[in-house]
Amino acid sequence: MWKCEPVVGSGLDVAEVAALYRASTLAERRPVDDAERFARMLAGANLVIAARLDGRLIGIARSITDGAYVTYLSDIAVDAEFQRRGVGRDLIRATREAAPRAKLVLLSAPAAVDYYPHIGFTRHESAWTRDALG
């Protein structure tokens, strides 16, 4: 059985996490080929939960939280080999347990839009995004 536990993002092996993002298809929407930027993404998250099975990284949840009001779950990646087994649910559970009083907010990957309502999320109609400057 896998184990989900909090880790320090800056302490993770960037290549290992990038390989996981590729194995999960999240790399299609994240800058995994820009190692410096990707490392900053990992280091900048103040709540990172890793799922490991026999030492192998099989999932990750990367968030930013104030611990009191809101947690923005910016990435949840599960190796395709381990999807539909509960790893994602466990990552979300561990994220919520780390900041239990905070509302959990996320932007869904297009392929996962129908997944989140099944695990208790509610669609929010007034969210807005704006692309980066460069």
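Me: What makes up the secondary structure of the chain?

Reply: In this predicted model, the chain has 3 helices and 5 strands. Following the sequence, they come in the pattern β-α-α-β-β-β-α-β.

Me: Thanks! What makes β4 and β5 a pair?

Reply: Two strands count as paired when there are at least two bridges between them. Strand β4 (residues 70-78) is joined to β5 by 3 bridges, so the pair meets the requirement of at least two. The two strands run parallel, and Val-70 stands opposite Lys-103 in β5.

Me: And how do the strands line up in the sheet?

Reply: The 5 strands form an open sheet, in the order β1-β2-β3-β4-β5, with mixed pairing. β1 (3-7) and β5 (103-105) each have a single partner strand, so they stand at the edges, and one side of each is left without a neighbour in the sheet. On average, neighbouring strands are turned by 30° against each other, direction ignored.

Me: Which strands does helix α1 touch?

Reply: Helix α1 (residues 14-24) packs on the sheet and touches β2 (47-53), β3 (56-65) and β4. The direction of α1 makes about 95° with that of β3. Helix α3 (residues 87-98), for its part, lies across β1, β2, β3, β4 and β5.

Me: How does α3 run relative to β4?

Reply: Helix α3 runs at about 155° to β4. Angles over 145 degrees count as roughly antiparallel, so that is the word for α3 and β4.

Me: Why is α1 called roughly perpendicular to α2?

Reply: Helices α1 and α2 (residues 35-44) pack at an angle of about 90°, and their axes are 10 Å apart. The range for roughly perpendicular is 65 to 115 degrees, so α1 is roughly perpendicular to α2. Val-14, Val-17, Ala-18 and Tyr-21 of α1 make the contact with Ala-35, Phe-38, Ala-39 and Leu-42 of α2.

Me: What kinds of residues meet there, nonpolar, polar or charged?

Reply: The contact of α1 with α2 has 8 nonpolar residues, no polar and no charged ones. Ala, Val, Leu, Phe and Tyr are among the types that count as nonpolar.

Me: How do you know that the radius of gyration agrees with a compact globule?

Reply: For 134 residues, a compact globule would have a radius of gyration near 14 Å; the chain has 14 Å, so the two agree. The C-alpha atoms fill a box of roughly 40 × 35 × 30 Å along the principal axes.

Me: How much of the chain is buried?

Reply: Buried residues, those under 20% relative accessible area, make up 38% of the 134 residues.

Definitions and conventions: Residues are numbered from 1 along each chain as its sequence is written. This is a predicted model: local features need pLDDT of at least 70, side-chain atom pairs count only at pLDDT 80 or more; totals for chains, interfaces and linings use all residues. Side-chain values use heavy atoms; hydrogens and water are left out. Helices (H or I, at least four residues) and strands (E, at least two) are DSSP runs, numbered from the N terminus. Axes are lines fitted to C-alpha atoms, for helices over the stretch in contact, and angles run from 0 to 180 degrees between N-to-C directions. Contact means heavy atoms within 4.5 Å. Angles under 35 degrees count as roughly parallel, over 145 as roughly antiparallel, 65 to 115 as roughly perpendicular and the rest as oblique. The radius of gyration is taken over C-alpha atoms; the globule rule is 2.2 Å times the number of residues to the power 0.38. Buried means under 20% relative accessible area, exposed over 50%, partly exposed in between (1.4 Å probe, protein chains only).
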